Amino acid sequence: MSKTIKKIAVLTSGGDSPGMNAAIRAVVRTCAYHNIECIGVYRGYEGLMEGDFKEMNARSVKGIINKGGTILKSARSKEFRTKEGREKAHNILLEAKVDALVTIGGDGTFTGAMIFSQEFNFPIMGIPGTIDNDIVGTTHTLGFDTALNTVVDAIDKIRDTASSHNRLFFVEVMGRDVGHIALNAGIAGGAEEILIPEEDLGLDRLVESLKRSRKSGKSSSIVVVAEGDKIGKNIFELKDYVDQNMDGYDVRVSVLGHMQRGGAPSCFDRVLASRMGVKAVESLLEGKTNSMVGLLNGKMELTPIEKAIKGKTKINLELLRVSDIMST
Ligand code: F6P
């Protein structure tokens, strides 16, 4: 392993996701295992530019594997998007004798990391942490599995009211540009229809399908809508449209919001975070840089960070078909 890296910094940036703490713990403990110094950076790139650091050892990360959010806090930084901001961060890192950086976050976090790494030839390794699962180079981002379980739990509860009152519920889930949460949680929650940004179902088809299922004897229904849904209407407009164009249902809207990002990480996310943290540190020690760790075919693999950012995740067409058949 390369001897040049003696101190690694770790930060979380962008939207928090369950499993970030487990990943911080894994990074810190892998550093300790390899006798590398480790510092935690508070508030993402904001804290990086201000030198808001904390030395961390194996004991600093006790009791956090099961905690949601991020003990290092997170932020979205405008200043780090400027050359001056990144220069500030670079000087601070040099002063603190930090040799490499592990960034945990989504595509915004990785874009900043990539530019920084290219500008200053600074070793960077990314860990994908976002509930949206919208990063190429990993089948699962950290927090996706936990968020799915949270959403399914919420849909199950909403279904109790839907069936007790013969109601149609539109349930909005997160996914600004992608429908991975909606599609998976929709199938698992037994949704009648699932509206995602990748596919344009069309309002008429939606109403037709709801009428068909009403006729076939369904007395209540759940429609899961990704927040970035392609039909282009917000969920309250969707409700109004369905209200105006079909009888028989009492229609309600439930927007799940940020509760989807919170809570204790699932077993899957804890194991994934631990594997990713080990892989990230050991890859840096092997001299690798400008990459992201990810789960591909069951193994930890590296993907160039540029590919991870620029690529677009694809929706699983088989899942779409399964969802269609299930709503028969
Ligand atoms: O974490 C990703 C995400 O959940 C998106 O799906 C959503 O649009 C966004 O974060 C909202 O985050 P914030 O309220 O922090 O801007």
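Colleague: Which domains is the chain divided into?

Modeller: Keep in mind that this is a predicted model. The chain is split into domain 1, covering 7-143 + 265-310, and domain 2, covering 145-261.

Colleague: How many Å apart are the C-alpha centres of the two domains?

Modeller: The centres of domain 1 and domain 2 are 34 Å apart.

Colleague: OK, and how many residues are in contact between them?

Modeller: On the domain 1 side it's 13 residues, and they touch twelve residues of domain 2. About 1100 Å² gets buried between the two domains, with carbon and sulfur atoms giving 50% of that area.

Colleague: Which three residues of domain 1 supply more of its buried area than any other three?

Modeller: That would be Asp16, Ile131 and Asp132, which supply 45% of what domain 1 buries against domain 2.

Colleague: Switching topic to helices: at what angle do H6 and H11 cross?

Modeller: Roughly 35°, and their axes come within 10 Å. H6 is residues 180-188 and H11 is residues 317-326. The crossing is left-handed.

Colleague: Which residues meet there?

Modeller: From H6 you've got Leu183, Asn184 and Ile187, and they meet Leu319, Leu320, Val322 and Ser323 of H11. Sorted by class, that contact between H6 and H11 has five nonpolar residues, two polar ones and no charged ones.

Key: Residues are numbered from 1 along each chain as its sequence is written. This is a predicted model: local features need pLDDT of at least 70, side-chain atom pairs count only at pLDDT 80 or more; totals for chains, interfaces and linings use all residues. Side-chain values use heavy atoms; hydrogens and water are left out. Axes are lines fitted to C-alpha atoms, for helices over the stretch in contact, and angles run from 0 to 180 degrees between N-to-C directions. Helices (H or I, at least four residues) and strands (E, at least two) are DSSP runs, numbered from the N terminus. A crossing is left-handed if the near helix is turned anticlockwise from the far one by less than a right angle, and right-handed if clockwise. Contact means heavy atoms within 4.5 Å. Ala, Val, Leu, Ile, Met, Phe, Trp, Tyr, Cys and Pro count as nonpolar, Asp, Glu, Lys and Arg as charged, and the others, Gly among them, as polar. Domain bounds come from an automatic or database domain assignment. Buried area is the accessible area (1.4 Å probe) that two parts lose on being put together, summed over both.
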